[in-house]
Amino acid sequence: MRTTIRDIQKMKRDGVAIPMITAYEYTAAQLVDRAGIPMILVGDSMGMVVHGHPSTLPVTLDDIVRHAASVVRGSTQALVVADLPFLTYATPEHAVAAAQRLMQQAGVQAVKLEGGAPIVSAVRRLTELGVPVMGHLGYTPQSENQIGIRVQGKQADEAATLIADALALQEAGAFAIVLELVPAALAEAVTQRLEIPTIGIGAGVHCDGQVQVWHDLLGLYGDKSPRHAKRYAEIGAAIETALKDYAGEVAERSFPTAANSAKMEPEALNAALA
Ligand code: KIV
Ligand code: NA
């Protein structure tokens, strides 16, 4: 049985920290399930780490639907949350249309929207209609042309706005909120004031959970990974070594061996060639 938003909220009440990771396709989702991570984000970070764009802005709803469907097929345990892409939730009606595709065509269990007060009406409409919504405050990458890539909430007025936005999202029905690039002390204060879980990324250890990008965590994005990411493995280096070994063995004709090849009775071949 898949994790539900109620399970995630119970983890906060029980003081159990919530791990979350992005995944963009079937085999990755299978691995997340096997690792017992309860929540997957099909993030619009795919724009950068999968599609090679400079930001999340070019990601389309079609992109997210296709990747999210693959993730849903690869998992049976994790709650799958998908990002609504840039400018697909400018009004509650647009948000509902986008969420409909993600829930009906891809089969995700929840959607994530970036922002505070301006999107509260969309969050309320979605939750009224039965769509679980995850909020996203602090550094919101879809607004990078406006806010720059930097920690959000260091100044008192910014911090007060962030706290008010978090409470407004909770009141509108959000089941959890991502806090990205927020000072640890502010993230802790928000976490204490909310009944719903906070999921941090670059927001300190006192959030109720943490989310990381697959490629950052596994050493697949080289030097482009942000400072707050920790590399738990060097899969990129392991792949490079494997590919070089493969190419080398092809070059020296030590791959494939007889064990990798199909046999044939010599008489049958002789008869065919006669
Ligand atoms: O798209 C993404 O990966 C995200 C996380 C960084 C929270 O939104
Ligand atoms: Na995102």
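## Close-up views of a predicted model

Let's start with who touches whom: among contacts in the protein chain between residues at least 6 apart in sequence, 60% join residues at least 24 apart. Two residues are in contact here if their C-beta atoms, placed from the backbone, lie within 7 Å. This is a predicted model, in which local features need pLDDT of at least 70, side-chain atom pairs count only at pLDDT 80 or more, and totals for chains, interfaces and linings use all residues. Residues are numbered from 1 along each chain as its sequence is written, while chains are lettered from A and ligands numbered from 1 in the order in which they are written.

**View 1. The whole chain, before we zoom in.** The C-alpha atoms of the protein chain fill a box of roughly 85 × 40 × 35 Å, taken along the principal axes. You'll find 12 helices and 8 strands in the chain; helices (H or I, at least four residues) and strands (E, at least two) are DSSP runs, numbered from the N terminus. Of the 274 residues, 43% are buried. A residue is buried if 20 or more other C-beta atoms lie within 10 Å of its own, exposed if 12 or fewer, and partly exposed in between, with C-beta atoms placed from the backbone. The chain splits into domain 1 (5-233) and domain 2 (238-273), with bounds that come from an automatic or database domain assignment. Taken over C-alpha atoms, the centres of the two domains are 46 Å apart.

**View 2. E180, an annotated active site.** UniProt places the feature "active site" at E180, in an unreviewed entry. UniProt positions are given in the numbering used here, feature names are shortened, and annotations may be inferred rather than shown by experiment. Look for E180 in strand β6 (residues 176-180). E180 is buried, with 22 other C-beta atoms within 10 Å. Setting aside neighbours within four places in sequence, E180 is in contact with H136, G138, Y139, I201, G202 and A203.

**View 3. D44, D83 and E114, one annotated binding site.** The unreviewed UniProt entry puts a "binding site" at D44, D83 and E114. They span 71 residues in sequence, yet no two of their C-alpha atoms are more than 11.0 Å apart, so they gather at one spot. D44 sits in the loop between β2 (39-42) and α3 (46-49), and D44 is buried, with 29 other C-beta atoms within 10 Å. Not counting residues up to four places away in sequence, D44 touches T56, V59, I64, D83 and P85. D83 belongs to strand β3 (residues 79-83) and is buried too, with 31 other C-beta atoms within 10 Å. Beyond four places in sequence, D83 is in contact with V42, G43, D44, I64 and K112.

View 4. Another "binding site" annotation from the unreviewed UniProt entry covers D44, S45, D83 and K112. These residues span 69 residues in sequence, yet no two of their C-alpha atoms are more than 12.5 Å apart, so they gather at one spot. S45 lies in the loop between β2 and α3, and S45 counts as buried, with 21 C-beta neighbours inside 10 Å. Its contacts, leaving aside neighbours within four places in sequence, are T22, T56 and V213. K112 is part of strand β4 (residues 110-112) and counts as buried with 24 C-beta neighbours inside 10 Å. Leaving aside neighbours within four places in sequence, K112 is in contact with L41, V81, D83, L84, M134, H136 and V178.

**View 5. Strand β8 and its partners.** Both faces of strand β8 (residues 209-212) are covered: G209 and V211 on one side and Q210 and Q212 on the other are all buried. Strand β1 (residues 18-22) runs parallel to β8 and is joined to it by 4 bridges, with M20 standing opposite V211. Strand β7 (residues 198-201) also pairs with β8 in the parallel sense, over 2 bridges, and here G200 stands opposite Q210. Two strands pair if DSSP finds at least two bridges between them.
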